[in-house]
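Me: Can you walk me through this one? I'd like to go piece by piece.

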Amino acid sequence: MSKTLHTRRGFLRTSLLGGAVSWTVPVFLERTFFTLDAMASQVPTGKDSPILVVLQLAGGNDGLNTLVPFTDDAYFRARPGIAIREPLKINDALGLNPKLTGLRGLYDDGNLAIVQGVGYPNPNRSHFRSTEIWQTASDADKTDSHGWLGRYFDSCCQGEDPSVGVSIGSQTPQAFAAAEPKGISFSQPEQFRFASEKASDPAAAEEFFRSVNETPSESNEGGSIGMLQGHSEGGGNTMDFLRRTALDAQMSSDKVLAITRKSKAPVTYPSSNLASSLNLVARLIGGGMPTRVYYVGQGGYDTHSNQAGSHERLMSELDSSLAAFVADLKAQGNFQRVVLMTFSEFGRRVAENGSGGTDHGAAAPLFAVGGAIKPGLYGKAPSLTNLHDGDLIHSTDFRSVYASVLQNWLKVPVEPILHRGFPTIGFV
Amino acid sequence: MLEPLAKPAWTPAAAAHLLNRAGFGGTPEEIAALHAKGLDGAVDSLLHAGDDSDLFPLPEAAVPEYMDKYRRRFPGMSEQERRKVQNEMRREARQLMDGLRSWWLNRMRWSPSVAREKAVLFWHGHWATSIDKVKDPFAMWQQNETLRTHALGRFEDMAKDVSRDPAMMRYLDLVQSKSGKPNENFARELMELFTLGEGHYTERDIQQAARAFTGYRINQTNRRFLMAGSQHDDGVKSIFGFEGNFSGDDVIGLIAADPQCARFLARKIWRFYAAENPSPELVEALAECYRRSGLDTGALLGTIFRSREFYGPDVVRHQIKSPVQWLVQLCRQMEIPLPGQSDGILRQLGQMPFAPPNVKGWDGGRAWISSATLLLRYNTSGTVLSGANVNFDALIPADTKSCDALAWRLFQAPLPSELNSKFSAYLKDHGTGLAARHDLVHLMMSTPDYQIT
């Protein structure tokens, strides 16, 4: 059992059992407490456990100009203006976008797997709905308020520190949403603390801050908790949610700060938001955070118009950021512990539109990068002539990718998380 | 449903709730004055506060020609010179944008027409466009004015004007959409996010509607809407089962007549002003009211602000403040101007006006709060208080023994007793010197309780 767990358990014991546990205790704390004692097994965290990094390419990445079928006439017919003629070949039929030189190198080194034609049945072309489907791993005709990573935290990380999931950014992704939410988010570690030093009595201010943000208040809303259950989104009431967030922030901020202050990247990262995010992830990994899942994002993929230049820039930023991240992890000796997977809510229409861009489509390839990855091409390349409404038909369900990562990398049972089994793919 | 609030329930706390939600809160004196008007008087005074534009001279961005002086220099320039001029242009655009943002935030802070500004904020999140793609401060100002004109008026008029604002035309690629090669971006979001909601149209409706919106262009002289007839597809379209030679305005008319449009918007308006999950019955009642008024947003808000449901225990003090609400309300409560670094604060907290994260606007609710933004709010309130000239003697008299008056100013609700006794103990231990009073206010703001309204 990890040290952080002791801390959390210790805290909950003192503040709940030591204090007055009454019916006014917020429901989430009560639940946390009971699950702590009911805990049968504990997933190990620490220096050796595997780490998953999820990289969201937001906006719908154009799969066909990422992994290019450069010998297919149908590709050039559909895209007279934006087809890529000279990709970085990986075999006789497919090549990577010319900007993906770093990924091409990783492919040769045996650290890159590409899964082709990933999607789901009855694809939805709304950014928001399709993102939700990917984040919650639901069927297209069902909604689920919890995320696939949230369900992983729920079923496999009970009682662990809130920093078991870390999202770089100011918002928590829906993938982390859970019955018992875990995961912290921040983008600037130096801001991730309560600045009490400016107060006239810093020690008192600090202590005061800790006490009002730690103790479950004897709330005047206590009586209405039951009544509000399931009324506000995500379950529980708003004050419970705020108190939990305050508690998680406070528990994690000392550790995050200590780690990011002492660790420094051994490699130079390019200047982009994505590179900064991955730099921060590498520092947290190197510093020994107990985090199992990191979540980062790169936006701007909604290339409806003048796609050529903008998509090139995105690919270039993605490639250089990933290259620096991999070099960093290798220098740390942590590359073997990390798998990074990309995803985007959908690919784009096969045919270009009248604005030199592409509209929303369906299936697309995704990347998995890591020291322990089994390299190569997986899944079947989708046909460019047998289309559905102008879109590619998926050959691999995205939940097969999730299932592979859960079962073969994080080593946890799939069904409690994805609600049913999916065939796994051999890339991890 | 939606019966008016009973007279005895119109308390100072109810008046404070109304001012917080319809506007951006205020001082105890402003709350008392609103309360004295009675419910109907209070609602009317908020929704019919009159035109405040005299108080706010136009921002510099309100000049269409500002980019021309750069463009005129382009012909005959080398690639290198051109790049230099483009950099100058970008720098000026950034300054104009900062000025525009500050102009609008100050309008929220000082305007007597608070309900209109709050509604403009709602509609900005609804018809979301971002300077990051639009790249033209004048267009962002134009759209802001369009939203202000119709904020409390008829939705259909607003929708037609918004579709012809250069900001939207650029943001969702209408300017590139032409007959034979329509761009679907606007047509899709119009139905999915702006009017009907997912599941209430078909992919074919989108493709057909996209044809109706072809030919929308920007007049480069006055930077306003221009219909390029040769690019417009005036053929017969089939939308929602209707056939006709529809224009873009016709499509908006068809949508506005669909009962689902009133339902979709009424729910969204309730969620913004009242609470997250209205019951299906409440949504129907609101939609019926909106429909009957001809989608008149001011009329719907009048009904909402008078209704019993709006003052219910699951509504009052159950909303997480948006970053803009949090900042403007803080300044109004503490009777201080907005801090100079408001832009940076709002960016970090996740609500940069004129730069929503995507076409869906801001998610709102719990999405405002993460471990990072919560700590940032705590720290930022301290910075704002230190940087402002707060008149602490007026807010907490030096001889004060209790925190009640201060708690009313900040929370407008009785505090949980445990929290209250902690604040009183702090006051007792640290005295009522200026520094201690400053710290106390900051600590009161550094609580989960201060994040809700």
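This is a predicted model: local features need pLDDT of at least 70, side-chain atom pairs count only at pLDDT 80 or more; totals for chains, interfaces and linings use all residues.

Me: Start with chain A. How many helices and strands does it have?
Reply: Chain A has 13 helices and 12 strands.

Me: And what percentage of it is buried?
Reply: Of the 428 residues in chain A, 54% are buried.

Me: What share of the contacts in chain A with a separation of 6 or more comes from residues 24 or more positions apart?
Reply: Such pairs account for 72% of those contacts.

Me: Helix packing in chain A, then. At what angle do α10(A) and α11(A) pack?
Reply: About 15°, with the axes 9 Å apart. Helix α10 covers residues 273-286 of chain A and helix α11 covers residues 307-332. The angle is under 35 degrees, so the two helices count as roughly parallel. The crossing of α10(A) past α11(A) is right-handed.

Me: Which residues meet there?
Reply: From α10(A), the residues are A:L274, A:A275, A:L278, A:A282 and A:G286. On the α11(A) side they meet a set that includes A:L318, A:F325, A:D328 and A:Q332. By type, the contact divides into eight nonpolar, three polar and two charged residues.

Me: Switching to the contact between the chains. How many residues does each chain put in?
Reply: Chain B gives 50 residues and chain A gives 54.

Me: Which helix of chain B supplies the largest share?
Reply: α19(B), with 10 residues. At least two residues each come from α11 (185-195), α19 (371-387), α22 (417-430) and α23 (434-445) of chain B. The chain B side as a whole splits into 18 nonpolar, 18 polar and 14 charged residues.

Me: Next, α17(B). Is it mostly covered or mostly open?
Reply: Mostly covered, as 12 of its 12 residues are buried. Among them are B:W326, B:C331, B:R332 and B:M334.

Me: What do those buried residues pack against?
Reply: They pack against α1 (12-22), α5 (79-110), α6 (114-126), α18 (342-349), α19 and α21 (404-411) of chain B.

Me: How far does α17(B) reach from first C-alpha to last?
Reply: Helix α17, residues 323-334 of chain B, reaches 16 Å, close to the 16 Å expected at 1.5 Å a residue. Just after α17(B), B:E335 has a positive phi of about 55°.

Me: Which helix holds B:Y273?
Reply: B:Y273 is in helix α14 (residues 259-273) of chain B.

Me: Why does B:Y273 count as partly exposed?
Reply: Because B:Y273 has 19 C-beta neighbours inside 10 Å, and a residue needs 20 or more to be buried.

Me: What does B:Y273 touch?
Reply: Leaving out residues up to four places away in sequence, B:Y273 touches B:R21 and B:I304. The C-alpha atoms of B:Y273 and B:Q319 are separated by 8.8 Å, although the two are 46 residues apart along the chain.

Me: Last one. At what angle does α14(B) pack with α15(B)?
Reply: About 115°, with the axes 8 Å apart; α15(B) covers residues 280-292. The crossing is right-handed. The α14(B) side of the contact includes B:P259, B:L265 and B:W270, and the α15(B) side consists of B:V283, B:L286, B:A287, B:Y290 and B:R291. The contact has nine nonpolar, no polar and three charged residues.

Key: Residues are numbered from 1 along each chain as its sequence is written. Chains are lettered from A and ligands numbered from 1 in the order in which they are written. Axes are lines fitted to C-alpha atoms, for helices over the stretch in contact, and angles run from 0 to 180 degrees between N-to-C directions. Helices (H or I, at least four residues) and strands (E, at least two) are DSSP runs, numbered from the N terminus. Angles under 35 degrees count as roughly parallel, over 145 as roughly antiparallel, 65 to 115 as roughly perpendicular and the rest as oblique. A crossing is left-handed if the near helix is turned anticlockwise from the far one by less than a right angle, and right-handed if clockwise. Two residues are in contact if their C-beta atoms, placed from the backbone, lie within 7 Å. Ala, Val, Leu, Ile, Met, Phe, Trp, Tyr, Cys and Pro count as nonpolar, Asp, Glu, Lys and Arg as charged, and the others, Gly among them, as polar. The expected span of a helix is 1.5 Å times one less than its number of residues.
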